[in-house]
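Biologist: I would like a close look at a single part of this protein, followed by an account of how that part relates to its surroundings. Please treat it in one connected description.

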Amino acid sequence: MKLYGHFISVTTLQVVTLLCAKNHRAELVIVDVFAREQKKPQHLARHPFGHIPVIEDDGFWLYETHAILRYLDARLPGPLHSPTVLRDRARMDQWLCIEQNYLVPAAKKIMARDYAKMMGQPDPGEGIVEAGKRELPVALDQFGAWIANKPYVAGDTFSLADICWWAMLRQMSQMKPLDDSRILPWWTRVDGRTECRQAVEILASADPGPRL
Ligand SMILES: N[C@@H](CCC(=O)N[C@@H](CS)C(=O)NCC(=O)O)C(=O)O
């Protein structure tokens with residue numbers, strides 16, 4: 001199995017975490033986002049929208065993180081990371097949607113100027129950052145209210161929603177989501193899990209070091 005991704009990518013971290021939870025290793029093929037390889041024909045043939053991650057499993061190609069996670073969860077042996085109780089599963093799906101549709105867009109807006117600078121793109125201006133700063137607290141407040149005093153996002157077991165929210169909040173650490181005391185105990189519990197530690201290490205070991 002091959003995973004096309006990047007060591008700085010949160011979505012790559014999400015997939016690697018599930019692979020570790022399943023005790024399965026895929027070959028990490030680096031798509032150099034600093035060189036914008038994700039927008040070049042070779043990668044567009046894998047992912048027509050020009051993003052990572054993408055997996056190739058014995059000739060089967062798949063992109064979109066949540067689709068990949070659901071596929072791998074069902075495809076690989078080991079504990080299931082999608083609840084079997086209908087309403088817990090619906091709750092997992094709800095928080096996966098909230099992550100993708102509200103949390104990630106708000107965080108991307110806040111990081112828009114820094115990201116453009118890092119990628120050598122035109123400055124999108126402060127307006128987008130301000131919009132993100134208005135939107136992010138709404139998503140975080142909803143999550144804080146939900147996760148307070150709960151072991152995991154959807155029922156009593158660790159699920160795909162925990163993986164996605166943990167990785168995303170980790171990536172957003174400079175926005176201080178863990179200052180919310182309702183979120184911190186859950187995040188600390190997830191962060192200490194073996195699969196999360198292993199995944200962070202795997203991506204760190206793929207990083208060749210400082211870029212000029
Ligand atoms: N909807 C996609 C979004 C993936 C995504 O935004 N990936 C980022 C890396 S974490 C990426 O490809 N960034 C480079 C770019 O947008 O050009 C998914 O969930 O897989």
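Predicted model: local features only at pLDDT ≥ 70, side-chain atom pairs only at ≥ 80, totals over all residues.

H1 covers residues 10-21. At 1.5 Å a residue, its 12 residues should span 16 Å, and the 17 Å between its end C-alpha atoms agrees with that expectation. Of these 12 residues, 11 are buried, so the helix is largely enclosed by the rest of the structure. The buried set consists of Val10, Thr12, Leu13, Gln14, Val15, Val16, Thr17, Leu18, Leu19, Cys20 and Ala21. Just after the helix, Asn23 adopts a positive phi of about 60 degrees.

His81 belongs to the loop between H3 and H4. With a relative accessible area of 3%, His81 is buried, since the limit for that class is under 20%. His81 and Asp93 are separated by 12 residues in sequence and by 12 Å in space, C-alpha to C-alpha.

H1 also takes part in the largest pocket, where H1, H3, H4, helix H5 (112-118), H7 and H9 each supply at least two residues of the lining. The space in this pocket amounts to about 1,300 Å³. Among the 41 lining residues, Ser9, Val10, Lys108, Tyr115 and Gln171 are the closest to the pocket centre; Val10 is also one of the buried residues of H1.

The chain is divided into domain 1 (2-80 + 198-205) and domain 2 (86-193). The contact takes 15 residues from domain 1 and 16 residues from domain 2. Both domains give residues to the lining of the largest pocket, so the pocket lies between them. The domain centres, taken over C-alpha atoms, are separated by 20 Å.

Several local features elsewhere in the chain complete the picture. The peptide bond from Ile52 to Pro53 is cis, with omega near 5 degrees, and Pro53 is placed in the loop between helix H2 (41-44) and E3. Strand E3 (residues 54-57) contains Asp57, which counts as buried at 6% relative accessibility. Leaving aside neighbours within four places in sequence, Asp57 is in contact with Met1, Tyr71 and Arg75.

Glu64, in the loop between strand E4 (60-63) and H3, has a positive phi of about 90 degrees although it is not a glycine. At 38% relative accessibility, Glu64 counts as partly exposed. Lys176, in the loop between H7 and helix H8 (184-191), likewise has a positive phi, near 55 degrees, and is a residue other than glycine. Its relative accessible area is 52%, so Lys176 is exposed.

Definitions and conventions. Residues numbered from 1 in each chain as written. Heavy atoms only, no water. Helix = DSSP H or I, 4+ residues; strand = E, 2+ residues; numbered from the N terminus. Expected span 1.5 Å × (residues − 1). Buried < 20%, exposed > 50% of the residue type's maximum accessible area, 1.4 Å probe, protein only. 1 Å grid on protein atoms, 1.4 Å probe; cavity = no way out; pocket = protein on both sides within 12 Å on 5 of 7 lines; lining within 4 Å. Points joined across faces, edges and corners; volume = space filled by probe spheres on them. Domains from an automatic or database assignment. Contact = heavy atoms within 4.5 Å.
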